[in-house]
Amino acid sequence: MRSKAELKGKPFPVGIRGWVLISAILVGLWAWLYLGLSPRQLLPGDASSIGRFLAAALSPALDSQDPGLGEAVRYIVLQNALHGLGRTVLFAAASLLLSILGGFVLGFLATSTWWAGDTITSRGPLRRLLRQVFGPTVSATAKILATLLRSVHELFWALIFLAAFGSGPLTGVLALALPFAGTLGKIYAEMLEESPSAPSKALRDLGATRLQVFFFGRLPAAFPDMMAYTLYRFECALRSSAVLGFFGYPTIGYFLKLSFENLYYSEVWTYLYGLFLLIFLVDAWSGTLRRRLAT
Amino acid sequence: MSADPKVQDRIVYDLQEVSQRYNSTTALDSVSLTITSGEILAIVGPSGSGKSTLLRILAGAQRPSTGHVMIRGRMLRDYSPTTLRELRAATGFIHQDHRLVPGLRVSQNVLLGRLGQSSLMASWRSFLFPSRSELLEAHEVLERVGIEEKLFERSDRLSGGQQQRVAIARALYQAPCTLLADEPIASLDPIRSRDILKLLTEVAAERGLTLVLSMHDLALAREFCPRLIGLRHGQVDFDKSSSDVTQTDLDQLYRLEGKERIEDRAIQG
């Protein structure tokens, strides 16, 4: 027991969590000062433009606000919205399929636990080389590749692909699929490595090969988590797919950007409401599905 | 006795002065024993006496540090990866924690029992599209362990005792020559323990399997197994038929000594 006198002089111990919190706040404050941020910057130069934009929220347009087009093509904005949202979903689905394949291959190669095998069958020099050198090398390479793919944001990938191949739909799908494959590969590998190893050992004991142990022991144990995470990534893919429209791909972002540039704010709101609705519905659907997968 | 050629032929496991050391600790210390085909025996002893290590060596899952291990007439060190796989495929191993693959149906877990006997393609086929005859066979072994109605149930939704039964069914589907069970009843209540032991010993007798159990409960071991091997500090304390095991043997086996005893006194005091 410490005496009261002894405690008096001592400062309260802050601990690692306390220091992280304090330094995070300090860094953030310093960044605000350095950038010279001030709430005054939110005051609009042209207050009427903001007012018109906000007012348009109450009157979303179904027909074009373009006086030239006017009522000539009925419900053109509604049609564009449906078309754009449909394309948003299609781009997301096509990319995700590709990134699931890529992510699975990366995750499979990166999962180091199954390369290890067991010592009793890996006694020859060739097998030892496989276990101690080749396996870890492949696993590390796959992990680095996954990190490289996802460290570049999908919008940068889109810029690169646009410059290299033009704006065909495949380039848009690839721009989304590459970073998503990196993320999925990393997470799949973690889930596979952390899945319970006892069932796999039991399969090993009844004579299963390394690959059989991976496919029938590790994979099924990690599968529900992998599925739930992939569903979550579908939500992310939808948001990214919408933004991809800013680069000219025919997703909802494309129409959003055009109407914005033309200052047709009522059209902008139609597209925004459509996007909100889509994201809301998909979130609700995948949330329910993920909860069911968890049990 | 061992000079009799017929007995020689029937020897499944022959261990001579087998020791297993992990860094500074000794799990098995010069263990010698033979087990003949169709024998039903229990390895008893306190925690940390080396029961699990011994079973892992019998299963071909581990090589001892020193000593000779002969399994089915072949030295363990002479097993190639291929023959070792065959050995494992012919050895059913039941663990304390059933170790079923979570998320799979009972039928799938049972069918995994033959992984050691099938190619990767064949095992994918039976995993995704089990044939009618495979399902019938799975149903049959589940019937033997008394839970055939759970065939298509998710394994992780069963109770602990039911999951242990599925693990036994998987081992039966494997159609092994030997059944090893490492503390199969350690996490079950007394009534279920008795059921599982009864099931294991009956099945082994029916199918002429060699059955090696490891367990704590001496009364149950004596009741179900004709032969008991007492293991203490990695050494064979006694190896007798159950009827010859005396109370003194058992007291000796579980007595506390040295540091253990001091701790024991501290608790009592």
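Please keep in mind throughout that the model is predicted.

Let me begin with the sheet. In general, strands of a sheet pair through backbone hydrogen bonds, and the pairing may be parallel or antiparallel. In chain B, six strands form an open sheet in the order β6-β7-β8-β3-β9-β10, and their pairing is mixed. At the edges are β6 (91-94) and β10 (235-241) of chain B, each of which pairs on one side only. On average, neighbouring strands of this sheet are turned by 15° against each other, direction ignored.

Which strand pairs with β3 of chain B in the parallel sense over four bridges? The partner is strand β9 of chain B; β3 covers residues 40-44, and β9 covers residues 227-232. To find one point of this pairing on the screen, look for B:Val44, whose bridge partner in β9(B) is B:Gly230.

Helix α8 of chain B, residues 190-207, lies across β3, β7 (178-182) and β8 (210-215) of chain B. Relative to β8(B), helix α8 of chain B runs at about 165°.

I turn now to the two chains together. In this model, 19 residues of chain A are in contact with 26 residues of chain B. On the side of chain A that touches chain B, α9 (198-205) and α10 (210-244) of chain A each supply at least two residues. The largest share of that side, eight residues, comes from α10(A). By class, the side of chain A that touches chain B has 14 nonpolar, four polar and one charged residues.

Terms used: Residues numbered from 1 in each chain as written. Chains lettered and ligands numbered in written order. Predicted model: local features only at pLDDT ≥ 70, side-chain atom pairs only at ≥ 80, totals over all residues. Pairing = 2+ DSSP bridges. Axes fitted to C-alpha atoms, helices over the stretch in contact; angles between N-to-C directions. Contact = placed C-beta atoms within 7 Å. Nonpolar A, V, L, I, M, F, W, Y, C, P; charged D, E, K, R; others polar.
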